[in-house]
Amino acid sequence: MKPLKTFHVTPALPENLAILRDMAYNLYWSWHPEVIEVFRRLDRDLWESTGHNPVKMLGEVRQNVLTSAAADEGFLAQLRRASEAFQTYLSEVGYVEKGCEEHHLRVGYFSMEFGLTECLSIYSGGLGMLAGDHLKSASDLGVNLVAVGLLYQQGYSRQYLNADGWQQDFFPENDFFNLPVEECLDAAGEPVMVSVDYPTGPVHAKVWRVNVGRVPLHVLDTNIPANARAEDRDLTDRLYGGDDDMRLRQEILLGIGGLRALDKLGLRPTVCHMNEGHAAFLALERIRQQMVEKGIPFAEAREATVPGNVFTTHTPVPAGNDRFSPEAMTLYFTEYARQLGLPWREFMGLGRENPADDHEFFCMTVLALKLAAHNNGVSELHGEVARGMWINVWPGVPLNEVPVGAITNGVHARSWVSSDMAELFDRYMGPRWADNPMDRAVWERVDKIPDEELWRTHERRRERLVAFARDCLTRQLDRTGATPRERRVAGEVLDPKALTIGFARRFATYKRGTLLLRDLDRLARIVNQTDRPLQIIYAGKAHPKDNDGKEFIRQIVHTARMEPFRHRIVFLEDYDQVVARRLVQGVDLWLNTPLRPLEASGTSGMKVVFNGGLNCSIPDGWWPEGYNGYNGWCIGRGESYEDRAYQDDVESRALYDLLEREIVPIYYDREGDGPPREWVARVKNSIRTLAPVFNTNRMVLEYTRSFYMPSGIAFNALNQDGRAKALADYKAKARAAWAGVHLVEVNGGDQSALVVGQKKPVTATVALGQLTADEVCVQAWYGRIDPRDEIVDGVAVNLTVQSCEGGRAVFAGDIPCAKSGRQGYQVRIIPKHPDLASPLTMGLVKWATA
């Protein structure tokens, strides 16, 4: 039955408890335990039953409980301390806030998912968790950032296992009025709405706000009466649900609708950060806005907006990059391309590696790469992989100069460290570990923590993890109708004192969740040593349509039911932030076994670092940057084999060897009841070397200094004094004249043998065609020669004009001989303009020919 009218009921809070509502509606509480403790103290059982949701809790708490709390001096004192810290946090000036104001910087951060807290189900995995931690650190640092996403009615799938261990998926509804989200209202008190045109007509979206400390996250919701069609209301139904058509429609809403939402709110950004290619349509919408508002053509609007775009790719797997068919793009973008004034082939070329191939699908990653001034992968290794994947986007550009850099991911320390470990850090290192986790000097103080105290603290977390796992397993068995005996056994699984390994993540097959199970006989011997037991806790979800990933889960469950593993292996259902937090805070060893180099970064192992656990990983993602030989373990050396089964055999044996020869012996090497000294030394080494680097404060500050600030400055500059038009005119001139530009002669002198410290002179004569000598840059590109006679890791040095006459110019310069060995050089011509930030992105490169 549909309601005739709707109304909203809010809790009746006593006046001296009114601040609870403000605190409930700001996710500041999610990384400040003192606020969580206030809500827990109010009603501990209700805090748990509402899924750690203070908004829902305040709506359900009994009035007599509120009345009692309002008269409880102890509670009021605790509330006062928490609220004062909350209000101080909101009002203080952040580390980079003044810089943002000085450069008129506002960053718009767009992501398909955000993992902020367990009660707000708008995330699925690592991409969302990274985005959530990004916002928290941006808030801590004072970055002027506004975020944009979608508000899903059902979010991502929840998981339970049937009697056979096969993953089943269900999608509970989100009740937005009982979540920490608020409607955005205009000056008249009406909901803020945006609309986006689709082939079937306009789709309307309501804008909600999530307060993340000092950072607002605005999320779009299409499940509203203004949309008459069920298909339109269902647009924000599920994250990563539906088919390619649904994905395309969602990404149109995120990029185009999201940018329009910020405009409606008066929050137009100077810099837009696309967190993965899902939001890339925003780059087109920025261009369209400029065209409409300034009456300028596409080329000029492009030059005015591209400097303000940043793109982060997270996907080293080609199939993971969204591509849409020419037919789908024709259906959704024919009118939009007309508004941009682009011929259809030119429009489609923006999303193609080869613009001349009319059959190539439109790729969101390619669109983002072409329309962003700064592109990056999420680890150094991933940056290398991404440059190889997308080299065809920039023809003629050497691999090491493909304009994709790297900013390695991190985690938000406060959000993931256990309360026990946080208290220990506070006691021995002071509060700066949380306020400024980038400070290496702070983490050096970890050596001041007595080994016994660090070990006892970690042991308490392991014991709590084991208790939590037993409770989870018992609930799982209750749901499947288990016998009393099976329930009794569930209460006895795992050993609170045994070496505990954690493996929890999205169950994509390349992550190889079953690698440790490859030789069950050998594994049984390892886990069942009487005096040196080992146990493994698994958790994770496969995508609802990924049957191969679900089969991996089923194999683990079946293995856990075998007699040798009944007390040593468990799989916990419905992996979410609650399960993740318990695991990273309690395990001794975090296992990561992806097929290299398919793990872009990975962040779960970073969370373990802050909780006194160690990592054992394939050298993929972030681990090659983090591992130093003494702060964890590395499985193999990154070898790659064409035979996948052989690769799995080699690396599983390497893992068993590590467990048998190093990990287990070191863990159990103790004197009496004392801690394992070498293990604790490795833990301290891990904290000291990894914590100051792999945190999102460092990451967000790196984005701000390397991308946001330069982008904001360039964006503001290009939007003044006709500079965008001048740059667009130059690019048009250069493209038209480039066929007439070529190297006539290159002379490197007669020196074939040089010593380190000398210089090799190079001169080049260039035919300029219709360009001037000031409109081209001539470079000597030099480096070491490999066995295939290729220049490796080439470096460019600019040559300077010596003379210019008759349409030809002579350029000259020196190549420094800094290293010994066989060297070589090439000479190239590239475009040159004072506002051309990255000349190689034009795709105009002329190399010398023999």
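In which strand is Asp793 found? Asp793 belongs to strand 24, which covers residues 791–798; strands (E, at least two residues) and helices (H or I, at least four) are DSSP runs numbered from the N terminus. The model is predicted, so local features need pLDDT of at least 70 and side-chain atom pairs count only at pLDDT 80 or more, while totals for chains, interfaces and linings use all residues. Residues are numbered from 1 along each chain as its sequence is written, and side-chain values use heavy atoms, with hydrogens and water left out.

**View 1. A negative surface patch that includes Asp793.** Glu380, Glu384, Glu625 and Asp793 form this patch. A patch of charge consists of residues with over 30% relative accessible area and no salt bridge, like charges being joined within 9 Å. Asp and Glu count as negative, and the charge is placed at CG of Asp or CD of Glu. Asp793 is exposed, with a relative accessible area of 56%. Exposed means over 50%, buried under 20%, and partly exposed in between (1.4 Å probe, protein chains only).

**View 2. The salt bridge between Arg249 and Asp232.** Side chains of opposite charge can pair when their charged atoms come close. A salt bridge is a side-chain nitrogen of Lys or Arg within 4 Å of a carboxyl oxygen of Asp or Glu. In this pair the N to O distance is 3.3 Å. Arg249 lies in helix 10 (residues 244–264) and Asp232 in helix 9 (residues 230–233), so the pair ties together parts that are 17 residues apart in sequence. Both residues are buried. Arg249 and Asp232 also belong to a network of salt bridges with Arg229 and Glu231.

**View 3. The surroundings of Thr222.** Thr222 is located in the loop between strand 8 (215–221) and helix 9. Its relative accessibility is 0%, so Thr222 counts as buried. Leaving aside residues up to four places away in sequence, Thr222 touches several residues, including Val203, His204, Asp232 and Leu253; contact means heavy atoms within 4.5 Å.

View 4. The closest N and O atoms of Arg338 and Glu335 are 2.4 Å apart. Arg338 is exposed at 55% relative accessible area, whereas Glu335 is partly exposed at 40%.

**View 5. The salt bridge between Arg432 and Asp439.** These side chains meet at 2.9 Å, N to O. Arg432 is partly exposed, with a relative accessible area of 37%. A search of the whole structure finds 52 salt bridges.

Key: Patch = residues over 30% accessible without salt bridge, like charges linked within 9 Å, V, L, I, M, F, W, Y side chains within 5 Å. Areas by Shrake-Rupley, 256 points an atom, 1.4 Å probe, with all protein chains shown as cover.
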